[in-house]
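Hi everyone, thanks for coming.

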Amino acid sequence: MGSFKRDVRILLVGDEKVGKTSLILSLVSEEFAEEVPARAEEITIPADVTPEHVPTCIVDYSAQDQDETTLQEEIRKASVVCIVYSVVDEDSIQRLTAYWLPYLRFTLGEDHRTPVILVGNKVDLTDIQTLESILPIMNDFGEVETCVECSARTLKNISEVFYYAQKAVLHPTAPVYNPDEKELTPQARKALTRIFRICDLDNDNVLSDDEINMFQFKCFNSPLHPQALEDVKAIVKKNVTDGVQNGITLKGFLFLHTLFIQKGRHETTWTVLRKFGYDDSLQLTSEYLSPKLTVAVGCTTELTADGYQFLARLFDKYDEDRDGCLSPTELQNLFSTCPVMPWGSDVNNTVCTNADGWISIDGYLAQWTLTTLLDVTRAIEFLAYLGYNYQNDSQLTAIHVTRDKKIDLEKRQTARNVFRCHVLGAKSVGKTAFLQGLLHRNLRYVATLNRQNLSNFTINTVLVYGQDKYLMLHEVDMMMSEMLTPTELDCDVACLIYDVTNPQSFEFCARMYLKHFIDSKIPTLIVASKAEYPEVRQDYELTPAQFCSRFKLPPAQRFTCIDKVNHDVYVKLATMAAYPNLKRLVHMLLVHQRPLWLEERLRHVKGLFQSGSNTYIHVGIGIAVTAVLGFALYKIAYTSSSVRR
């Protein structure tokens with residue numbers, strides 16, 4: 001990856017007669033101009049003829065033609081400032097610290113980040129070098145990147161002046177290296193440490209030869225010759241204790257980048273940093289963290305196979321004890337490349353965990369599925385933090401935007417794998433237990449949970465026609481449910497819960513259905529919780545059974561979870577979400593109880609098979625039963641399609 005800079009603007013300033021304009025003219029014409037104007041016109045050098053392949057503007061300043069206001073404007077616009085002095089003029093050297101460098105700080109601020117190049121012109125007039133007198137200036141003014149001595153007359157080091165000026169912009173020293181302490185800045189160490197952890201694919205705290213070659217290819221598009229790799233290891237081993245241990249350690253990796261910078265090879269470190277998304281301030285760029293993704297109304301976001309594969313590999317990398325769960329320490333290590341933990345303390349009650357509350361691989365993938373569905377921008381951002389772009393292209397390859405649900409209804413099929421279910425019910429009807437039941441947790445377990453760490457969401461896989469689908473339950477706040485808009489209540493299936501022991505609880509369900517769902521195409525299921533107790537009569541004009549019959553809803557599903565969770569209700573919700581356009585057919589087959597005549601026929605067939613009749617009778621009966629069932633299903637489907645028409 002190249003620099004993030006789109007262009008470089010070089011401003012030349014300095015005292016009169018030091019040769020600013022001559023330097024520019026000598027660079028452009030490749031010969032010394034005997035007659036020099038007071039100021040050269042602004043020059044733009046195309047990208048294809050510059051060493052860094054970046055368009056470069058060169059701007060001259062003349063006190064004769066321009067005033068101080070213009071000078072300050074040009075200083076603020078400049079990417080880099082070259083202060084030119086004459087090596088044979090002691091006054092111009094003194095003016096570097098007496099006037100020009102303080103003036104830049106006055107204009108840009110004491111802590112400005114604009115790099116400065118000191119340019120000593122007219123070396124053809126003397127054999128004495130001024131670099132020794134310049135070194136203290138460089139130490140006192142950290143913004144000075146380097147000093148170059150040159151001659152506009154003999155063209156000595158002319159191209160080098162502008163090359164170093166470009167380099168100071170594209171590969172600045174200040175963000176990555178502290179010359180006083182001769183070591184990397186804290187920000188650079190932090191960034192390079194994150195990069196090391198991402199590249200350490202097996203999490204053994206060492207970059208193996210294969211990992212180094214992958215890193216080399218990803219950053220520089222070419223493998224490292226085996227002998228060159230051995231030479232690098234030898235240099236690290238010679239200079240750093242524990243820098244090499246069957247590969248390069250973090251200490252060795254940081255030493256190498258310190259060495260690159262000290263040897264003037266800033267571009268090597270910056271190429272690595274920019275490959276991993278860092279800008280000149282060593283912050284991850286918004287383009288890297290949040291590539292643009294358009295999600296139209298009616299569409300949802302899910303993880304692709306590439307996304308799940310990356311996240312599963314990441315889980316395996318940090319599951320050090322191979323127990324299929326992430327301990328708190330392992331989870332913290334997994335997110336060590338991120339600025340913060342993306343999940344709160346309620347995550348353990350949102351997805352499946354082991355008995356110790358540690359997130360399992362299924363819970364881990366479910367949580368990422370939930371994040372992608374509810375906040376895809378955050379999911380994309382954390383994929384970048386975790387290094388998805390190192391092993392894949394843009395994070396967008398990890399995200400699938402589903403088609404509009406309206407099209408699914410028209411096509412009478414859906415390819416979605418994640419379904420959202422809103423759960424509504426009056427206070428204390430058992431919504432929390434219902435949500436936790438999706439995670440196979442019974443009421444006795446729920447009673448031990450810290451209520452402060454409970455989540456309004458749970459998510460888990462549910463088997464629908466032999467395929468795993470994610471069902472996400474969202475407990476809608478009772479106080480807000482009256483005021484929610486259709487957009488806020490949009491979901492794939494709705495679940496209305498009442499308490500069979502509370503005579504006032506069903507009225508809430510009836511009111512919510514009539515207010516929000518009667519005219520919508522959202523499948524709705526009523527659930528009777530605490531079904532282990534006798535059901536009392538509800539204080540509503542219709543019984544739950546009468547209400548469901550009148551509005552052509554499936555019968556209320558009985559739910560209990562004191563010891564064993566009735567998991568069938570979640571399968572029914574997921575199936576209704578997967579086939580919303582086939583309400584009548586699907587609900588009759590999968591939600592309604594089977595008719596008594598069908599139960600009797602099935603029992604009769606079962607008895608025949610248990611009686612030991614010969615194979616031919618078995619086959620004949622099997623064919624007959626299949627025909628009867630097929631005809632029955634056909635009649636149901638035909639009736640359902642007629643109703644839809």
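First, a term: I'll call a residue buried if its relative accessible area is under 20%, exposed if over 50%, and partly exposed in between, with a 1.4 Å probe and protein chains only. Helices (H or I, at least four residues) and strands (E, at least two) are DSSP runs, numbered from the N terminus.

Now, this is a predicted model: local features need pLDDT of at least 70 and side-chain atom pairs 80 or more, while totals for chains, interfaces and linings use all residues. Residues are numbered from 1 along each chain as its sequence is written, and side-chain values use heavy atoms, leaving out hydrogens and water.

So, strand 17, residues 467-475: seven of its nine residues are buried. Who are its partners? Two strands pair if DSSP finds at least two bridges between them. Strand 15 (418-425) runs parallel to strand 17, with six bridges, and Arg420 sits opposite Met472. Strand 16 (457-464) is antiparallel to strand 17, over eight bridges, and there Leu463 faces Asp468. Those two make a hairpin with two residues between them, and Tyr465 in the turn has a positive phi of about 50°.

Next, an open sheet: six strands, mixed pairing, order 2-3-1-4-5-6. Strand 2 (43-45) and strand 6 (144-149) are the edges, each pairing on one side only. Strands 5 (116-121) and 6 run parallel, joined by five bridges, with Val119 opposite Val148.
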